[in-house]
Amino acid sequence: MKQFVIILLVSLALFGCQRKSEETKKQFFLPPATTYNYVEIDSVKLFYRAAGDQSNPTIVLLHGYPSSSHSYRNLIPMLATHYHVIAPDNLGSGYSTHLDPATTTYTFDLLADYTEKLIDRLDIKNYVMYMQDFGAPVGYRMLMKNPKRIEALIVQNANAYLDGLSSNRQDFFRTAQTDTSQAKHDFLYSLTGEDAIINKQYLFDLDATNINIQSPDAWTHDLAFLRSESDREIQVQLFQDYNTNLIRYPKWQKMLRDNQPKTLIVWGKKDLKFTYKGAEAYLRDVPDAELHLLDAGHFAAEEKTRDIAKLILEFLSKNGIE
């Protein structure tokens, strides 16, 4: 009997140690895998990245110039732990079909139309919309068609107010549309070259103390899709169309006032192209918007990925979108 008790006590001790070991075992964080997908619509292929459980609310990430969904490669896994995330490449950008600009005129109406068709094809009814740079004119066109479809709006250096544009910047967009001279075309074309992409886009508003935060993967990927003359002409045509957005600003602002979407503004304060005054202007029409000015430039999602992900997750949770 005494021997049995000893064996029992030893067994209990060993079981306790095993249980304690299991309880103290490290917990590892593993985000959902990102998938890389194509959908054929109207004889063109649209590329998109996707991650996360499809039963969760969807976040659609709309990219800017001169980039693609690649700009969200680091943000996607951070959001996909709690959300279903979709990041498409615009028609004519990234891995999506690049229709010949000699036979297809690229406009923001065209980009928005195809992006909306993609979301419809994926059977996404309602979603959170994240916009940056060119993503704003694409996103606002979609918003104007059906604002109630958007559960929340995340604005990252996505301008919709003249406040965010210097007078020189406004003039740049106006003359890009109105000046049809060869000299103007050649100037716009030069902005799609390697030096301009690197130094007038990605490194433009960074200083020497934080220049190493910007991954060269970003511009290397972009330049891979700007190798041919026709690829660069696509972006020239979008420059030429951009003034249509400035003309529509008042309508977009009225839509925001009328619908009061749940809005998070995360804006790189050092952006010299779309200044932080454009971020603050949103509060005139959406006074309950949450505004965060970050110590970053135009490509804030490249510089402050973790900060932006945290702000998004907290904002959506506070607003019951989870």
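**Helix contacts and residue T115**

In this structure, which is a predicted model, F108, D109, L111, A112, D113, T115, E116 and I119 of helix α3 meet P137, V138, R141, M142 and K145 of helix α4. By residue class, the contact of α3 with α4 comprises seven nonpolar, one polar and five charged residues. A contact of α7 with α8 is also described below, with residues on both helices identified.

**Geometry of α3 and α4**
- Helix α3 spans residues 108–121 and helix α4 spans residues 135–145; their axes come within 8 Å and cross at roughly 65 degrees.
- The crossing in which α3 passes α4 is right-handed.

**T115 in helix α3**
- T115 lies in helix α3 and is among the residues of that helix that meet α4.
- Because its relative accessible area is 5%, below the 20% limit, T115 is classed as buried.
- At 2.9 Å, the side chain of T115 reaches the backbone oxygen of L111.
- Leaving aside residues up to four places away in sequence, T115 touches L62, P88, N90, V138 and M142.
- Two of these residues, V138 and M142, belong to the α4 side of the helix contact.

**Contact of α7 with α8**
- The axes of helix α7 (residues 194–202) and helix α8 (residues 216–224) come within 10 Å and cross at roughly 140 degrees, which means that α7 is oblique to α8.
- This crossing of α7 and α8 is right-handed.
- From α7, the residues E194, I197, I198 and Y202 take part, and from α8 the residues A218, W219, D222 and L223.
- The residues of the contact of α7 with α8 comprise six nonpolar, no polar and two charged.

Conventions
Residues numbered from 1 in each chain as written. Predicted model: local features only at pLDDT ≥ 70, side-chain atom pairs only at ≥ 80, totals over all residues. Heavy atoms only, no water. Axes fitted to C-alpha atoms, helices over the stretch in contact; angles between N-to-C directions. Helix = DSSP H or I, 4+ residues; strand = E, 2+ residues; numbered from the N terminus. Left-handed = near helix turned anticlockwise from the far one by under 90°. Contact = heavy atoms within 4.5 Å. Nonpolar A, V, L, I, M, F, W, Y, C, P; charged D, E, K, R; others polar. Parallel < 35°, antiparallel > 145°, perpendicular 65-115°, else oblique. Buried < 20%, exposed > 50% of the residue type's maximum accessible area, 1.4 Å probe, protein only. Polar contact = N/O pair within 3.5 Å; in protein donor to acceptor, adjacent residues only side chain to side chain.
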